[in-house]
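Biologist: Please take a close look at the aromatic ring pairs in this model. Take them one at a time, and say where the partners sit.

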Amino acid sequence: STLQEKKAFQRVPQNLKKQWQQALLSPLSPKGVRARCGTIISGLVQGNGPPMRVVAAQLEQLAVHSKVPDEAVLAVVFQQFLASFIAPPGSSTVVFSLRAFQNAVALPGMLKDLEDVALPVQVLEEEERLAWRQKLWSTAAQLTKRTWPEAAEKLITGEDFSAAEVFSGGEEGPGSMVRSLAYQGCLSDGSLLVFRLLQWWNHVVTKNPEKAAASTKKKKTEALCTCLVEFEEADTSMHQSSLELCQTIMDLEEGKSGLSARQKNAVCSLPLSLSLVMLDESAPANAREVLGELLKILEHVVEVAQGPKPKKKIAEALAAFAPVAAELYVADSLAMIREACKMTWRELAFYAADETLTGLCSSVCGKAAANEDEPEVEEDEDMEDDDEDDDPDGTKKAVFDKAIAAMKERNQAAAQAGDEDDEDDVTTLDHSGVLSELLDDGGGALMNSFAASSLEGATNEPSKKKKLTKRQQKLRLQQDELVRRLREADLVESFLMRCGAKRDASLAMVEELQMALVNLNHKVKLNKEEAGDEKEGEGEKKGAKKATKGDTTLRGLEETLSQRVHKMLSRLMRSSSRASSVQILAGRSSPEDWAAKARALCERGQSAKVNGSGSQVLEVSASYLYFLCAAHRAAVELQDGSEHTTGQGWQLAEELLPQLLTEWSGKKECDNWCQAALKAFSVRVPQVLLKLPWANAIQGASKAFAQRSQLVFLYTHVLRPLPPETTNKADVATQMAFADSCAKLCAELLNSTVEPVEGAAASSAAQRQKLRREVLHTLKSIYKLRQKSDGLPADVSTAIADAVTGLRDSLPNQQRRGEVYNLTVHLLRLVRPQVNQPKRDRSTSRQRPKHGDEQPQPGDGEEAAEAPAKKRKGGEEAAEAPAKKRKGRGGSISRSPSLHPQSPASKPNPAPLKEKRRKAKKS
């Protein structure tokens with residue numbers, strides 16, 4: 001309040017003011033929020049507070065504070081309602097007690113040691129009331145979709161909040177620690193905010209208010225406050241019926257009635273919100289009809305819940321809420337109504353009929369819109385309508401003529417008055433003259449006349465509205481259709497995420513959404529190509545058609561819908577691919593049905609339309625293929641009564657994946673889909689990929705790029721993810737056998753790059769060099785996988801050593817650097833010890849001999865016998881190595897792989913140097 005009284009703060013922009021207020025309010029405690037709320041409301045009663053607009057903004061920020069108590073929320077919302085729709089009995093301000101209302105409706109009230117809050121009813125202007133109404137609907141919408149701090153604290157601790165305690169959760173409050181949606185828009189006692197707000201409405205129009213006097217004694221007035229919105233008797237009756245029926249439902253016992261607390265709130269939220277929104281002019285046009293229908297459903301629910309065996313009959317009664325909630329949510333309505341519809345749909349969509357669910361899914365996919373006949377519009381008229389013919393009925397021309405006539409009359413009157421006697425004063429201006437006259441400072445009268453005449457046509461009356469062209473009407477309809485589909489996508493996602501595993505219709509919906517995602521992404525891709533062509537043709541062709549603003553908006557909505565469906569399916573596939581979810585869904589269909597769906601998906605994935613739709617479509621489709629194979633495996637287990645280990649029982653995957661691996665290099669434009677499908681399995685069950693014929697596929701590749709991409713996939717997504725140590729001996733044997741086969745393949749590929757074979761995939765020198773790099777990376781991954789085993793077999797190690805040595809020797813001096821050469825040196829250090837040295841018994845401990853005690857091992861040959869002699873020479877050969885390297889840029893250290901850079905043989909012997917130093921000290 002001190003900051004707001006400063007004159008400098010009043011000159012701060014509005015957005016920065018809001019940020020300052022939020023920063024100052026965020027550290028407040030529950031007591032501080034309650035005290036600040038009381039101070040602002042008392043300022044309204046006394047009439048000495050800040051302007052009304054500032055008060056409304058501050059109260060809204062307090063109502064959505066992270067630590068606001070229930071009393072403060074009720075005080076703010078009740079005050080907003082009074083300032084929006086309630087008028088005092090006279091011209092003076094009256095007040096209502098919040099504590100008296102809580103006692104009247106049996107609501108857990110504030111503590112006795114806290115001061116009561118008096119809410120004023122003032123005489124306001126219509127503009128001020130409109131501002132308060134906007135704040136009321138905005139605050140109610142925000143409170144409806146969040147868990148209040150006291151309700152969250154009760155859910156966390158299990159105890160009611162008292163004023164002496166502090167909320168948990170730090171600065172963000174306890175609401176940040178709760179992920180449940182059960183108490184959104186509810187007080188700590190579980191009652192809905194909209195229910196308490198309707199009770200407050202009845203309270204202020206039926207109870208006598210108190211006079212807002214300066215003295216402590218307050219006297220009640222005899223007159224009653226009135227509602228500014230006049231209702232008919234039927235509307236008032238529906239309002240009272242909704243309150244009574246919802247009160248009856250809230251009083252039902254949870255176990256016996258068949259309704260849980262969440263279902264009770266969902267059943268009551270929608271009719272109560274409709275009853276409240278009827279006060280505003282922006283309420284849906286069919287609000288009365290929908291409210292009457294909901295009241296009939298509520299009566300049936302009450303009758304079933306109070307009758308015998310309610311749990312068996314309650315499902316049929318609750319099924320009627322879902323279509324009504326979906327219809328209201330999709331239509332244009334207030335945010336408060338939309339949040340109530342979302343709550344009702346989230347809790348009761350499980351009981352919806354299959355026709356309702358499949359209809360929503362078909363509408364999201366665009367099948368309903370595709371079946372409708374689109375109006376035919378001529379293309380030549382389209383461009384003229386958007387650019388030139390913007391005055392079809394001649395309204396602008398009439399306004400222009402009227403402005404010219406007014407200017408002529410003014411000039412004639414001035415001439416008659418004697419200002420100027422020349423007859424040239426009254427002139428007929430052309431278009432450029434009129435424009436200069438309008439923009440001139442002296443032409444204010446003409447400008448005012450033109451503006452006033454144009455504003456006369458800008459009315460909301462249908463007869464005076466500007467007519468839209470056929471093309472504009474078509475674009476408007478398409479945009480509204482896409483907005484409706486986006487809202488329907490929210491409902492479909494809510495149902496699939498909560499009830500997808502419990503309803504059979506969800507499987508067909510997922511398959512339909514997957515095919516729709518392909519079509520949507522394909523259309524978005526075409527739109528981008530068309531937009532790129534239009535942008536390139538702007539400077540070349542003067543008569544080329546340009547994309548209008550309506551076209552750009554329509555393309556943006558289509559891309560948003562595509563992203564929305566992709567996000568929905570990605571979340572759904574992540575949750576459905578878990579083992580627990582697969583076990584539940586596997587029993588919905590037979591193994592034959594799962595296999596048929598997977599085969600059909602593989603056929604669709606090989607098409608050019610799917611491969612060219614982008615990585616998002618391929619990722620979702622591949623995840624869906626894994627889900628179908630996992631469901632087939634689980635269905636077979638349920639049918640046979642058996643249980644498989646992690647890498648067993650994937651008969652369907654073992655049938656489809658080899659086909660994809662073959663099509664990777666054989667079929668045109670199929671590599672993206674094959675790679676995405678194999679990657680989906682490598683992340684979850686890499687053991688399945690070990691059984692695929694990788695060697696035949698890579699050797700039989702007809703394209704060099706496909707061969708390299710398969711090698712990259714092999715060492716990136718197959719070899720690297722495999723664990724080096726596993727407890728299962730069968731898995732270890734499978735992994736080692738797969739690594740040996742890959743090593744043999746790499747040796748053959750390296751030999752083919754040194755001596756090219758006719759008809760091989762890699763023919764040019766650049767392609768052979770790229771293939772060498774990928775093969776060497778694959779060998780590196782193989783040795784990393786077998787680093788804790790006995791190593792590769794002797795014949796495989798010999799073949800690799802020969803191949804790598806041949807590759808290194810074949811490289812010219814100019815290429816003895818870079819990635820390929822370094823990989824060859826690294827691999828030779830790994831493979832030569834396995835080739836030259838016999839395997840030693842790992843059970844016996846080995847001790848490193850001390851310096852000077854090295855003895856030649858039997859069977860090591862002349863090199864081993866000469867090792868001590870070389871060391872006694874003082875490391876002459878090691879000292880000669882840098883000199884040899886300086887002679888030529890391509891020179892290198894001895895090619896013998898036994899000379900490791902860190903081995904003792906490659907370092908100078910420090911013993912002679914120490915002897916010379918000792919003799920020098922003695923002398």
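Modeller: The model is predicted. It holds 16 aromatic pairs. Start with tyrosine 624 and phenylalanine 627. Their ring centres lie 6.4 Å apart, and their planes meet at 20°. The pair counts as stacked because planes under 30 degrees apart do. Both residues belong to helix H30, which covers residues 615-640. They are three residues apart there, so about one helical turn separates them. Tyrosine 624 is buried, at 5% relative accessible area. Phenylalanine 627 is buried too, at 4%.

Now the second pair, tyrosine 626 and tryptophan 650. Here the ring centres are 5.8 Å apart and the planes stand at 25°, so this pair is stacked as well. The setting is a helix and a loop. Tyrosine 626 lies in helix H30, while tryptophan 650 lies in the loop between H30 and helix H31 (651-666). The pair therefore ties together parts that are 24 residues apart in sequence. Tyrosine 626 and tryptophan 650 are both buried.

Elsewhere in the chain, aromatic residues also gather in a group. One aromatic cluster is formed by Phe81, Phe85, Trp137, Trp201 and Phe231.

Technical notes
Residues are numbered from 1 along each chain as its sequence is written. This is a predicted model: local features need pLDDT of at least 70, side-chain atom pairs count only at pLDDT 80 or more; totals for chains, interfaces and linings use all residues. Side-chain values use heavy atoms; hydrogens and water are left out. Rings of Phe, Tyr and Trp (its six-membered ring) pair if their centres lie within 6.5 Å; planes under 30 degrees apart count as stacked, over 60 as edge-to-face and the rest as tilted. Helices (H or I, at least four residues) and strands (E, at least two) are DSSP runs, numbered from the N terminus. Buried means under 20% relative accessible area, exposed over 50%, partly exposed in between (1.4 Å probe, protein chains only).
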